[in-house]
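Morning, everyone. Please look at the model on the screen while I walk through a few local features.

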Amino acid sequence: MGASTGIKVGVVGSFGSATEVVDMAVAAEEHGWDGFFSWDGMSIMEVDTFDPWAILAATAVRTERITLGAMVFALPRRKPWEVVRQALTVDHLSAGRLVLPVGVGVLDDGGFSAVPDQPQALRDRAEQLDDALAFLDRAWTGDRFAFSGARLETGEMQFLPRPVERPAVGHHVPVWPVGVWDADRPPLRSLDRTLRHDGIVVQLKGERGFDVPTPDDVSALVTWLTSRRTELGLDARPFDVVLQGELPTDRSAAQDQLAGLADAGATWWVESRWNPETATPQSLLDAIHQGPPRP
């Protein structure tokens with residue numbers, strides 16, 4: 001983590017049939033993108049929506065190089081033992097190319113708001129997310145374990161095989177929690193959650209929550225994270241700073257924006273287009289065919 005002249009660039013297959021989305025992943029690999037991402041929605045927006053794990057499994061067997069994931073997995077409404085098994089399957093099908101961007105989820109999704117026993121308060125969802133992440137950490141070891149957390153308790157389980165071995169992190173699927181950034185009052189709980197794992201999917205706080213972070217935002221965040229990682233003794237671990245949003249359509253402007261973000265310390269950009277009226281399957285595929293606008 002730190003200032004860099006390079007940045008990896010991924011893309012979300014936002015909309016299309018299941019076959020079209022998998023074809024987008026294949027095209028992304030062919031045209032030089034570094035990552036391809038599905039998304040995790042149960043009942044949200046009036047669009048065709050597919051299970052991210054099925055999409056990622058199909059993508060894993062049709063690609064060889066690109067990183068795979070979903071923006072983002074809403075762990076509080078998923079059973080963590082099922083997530084472990086799904087993740088291990090995709091991880092092995094892809095030969096270790098899976099990453100897990102994760103968050104508390106949004107109440108716009110009926111998977112939360114329409115189900116009475118689902119956690120809905122932010123604090124409850126955050127506690128359930130922390131339990132799920134701790135459960136995943138134990139599961140990757142391959143050892144038998146029982147689990148007791150703030151909101152989750154299980155008897156003994158064991159998960160084999162272990163994740164595919166990766167350089168620097170070993171048998172472990174990288175996890176990128178969403179982390180909220182506010183330069184004036186850094187939210188310690190949210191940021192420390194990311195530092196216990198492998199990266200941060202950056203979200204600005206409050207009214208700027210849907211804004212793309214600027215280079216100044218990223219630089220301030222990276223400076224804070226670097227200091228905090230040293231304080232916690234975590235500075236030797238690899239750590240990604242992941243941004244998502246929609247780049248300018250002008251390729252030169254997009255390249256300049258990515259260059260500024262990379263120099264500030266961002267390690268990933270995920271092109272995420274969420275307007276179904278403009279992000280049609282054909283427009284997404286056309287953008288993918290142009291290749292990533294590398295700085």
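Start at Pro 161, which is found in the loop between β7 (153-157) and β8 (165-166). Strands here are DSSP runs of E, at least two residues, and helices are runs of H or I, at least four, numbered from the N terminus. The bond joining Leu 160 and Pro 161 is a cis peptide bond, with omega about 0 degrees.

A word on the source. This is a predicted model: local features need pLDDT of at least 70, side-chain atom pairs count only at pLDDT 80 or more, and totals for chains, interfaces and linings use all residues. Residues are numbered from 1 along each chain as its sequence is written, and side-chain values use heavy atoms, with hydrogens and water left out.

Back to cis bonds. From Met 71 to Val 72 the peptide bond is cis, with omega near -20 degrees. Val 72 sits in the loop between β3 (67-70) and β4 (73-74).

Now Pro 101. It lies in strand β5, residues 100-103. Is Pro 101 buried or exposed? It counts as buried, at 0% relative accessibility. Buried means under 20% relative accessible area, exposed over 50%, and partly exposed in between, with a 1.4 Å probe and protein chains only. Which residues does Pro 101 contact, leaving aside neighbours within four places in sequence? They are Phe 37, Gly 69, Ala 70, Met 71, Val 72, Phe 73, Trp 176 and Val 201. Contact means heavy atoms within 4.5 Å. Gly 69 is 32 residues from Pro 101 along the chain, yet their C-alpha atoms are separated by 6.9 Å.

Next, positive phi in residues other than glycine. Met 45 has phi near 65 degrees. Its place is in the loop between β2 (35-38) and α2 (52-62). Met 45 is partly exposed, at 38% relative accessible area. Ala 168 has phi near 75 degrees and lies in the loop between β8 and β9 (170-171). Ala 168 is exposed, at 71%.

On to helix α2. Its buried residues are Pro 52, Trp 53, Ile 55, Leu 56, Thr 59 and Ala 60. They cover an arc of only 155 degrees around the axis, so they sit on the same side of α2. That arc is taken from the directions from the helix axis to the C-beta atoms. These buried residues pack against α1 (18-30), β2, β3, β4, α3 (80-93) and β5. What caps the N-terminal end of α2? Asp 51 does, with a side-chain oxygen 3.2 Å from the backbone nitrogen of Trp 53.

Ile 55 also takes us to the largest cavity, as one of its lining residues. Others in the lining include Gly 13, Phe 15, Trp 39 and Asp 48. The lining divides into five nonpolar, five polar and one charged. Nonpolar covers Ala, Val, Leu, Ile, Met, Phe, Trp, Tyr, Cys and Pro; charged covers Asp, Glu, Lys and Arg; the others, Gly among them, are polar. A cavity is a set of points on a 1 Å grid over the protein atoms alone where a 1.4 Å probe fits but cannot get out, and lining residues have an atom within 4 Å of a point.

Last stop, Thr 194, in helix α6, residues 188-195. Thr 194 is buried, at 0%. Its side chain reaches the backbone oxygen of Leu 191 at 2.6 Å.

Technical notes
1 Å grid on protein atoms, 1.4 Å probe; cavity = no way out; pocket = protein on both sides within 12 Å on 5 of 7 lines; lining within 4 Å. Polar contact = N/O pair within 3.5 Å; in protein donor to acceptor, adjacent residues only side chain to side chain.
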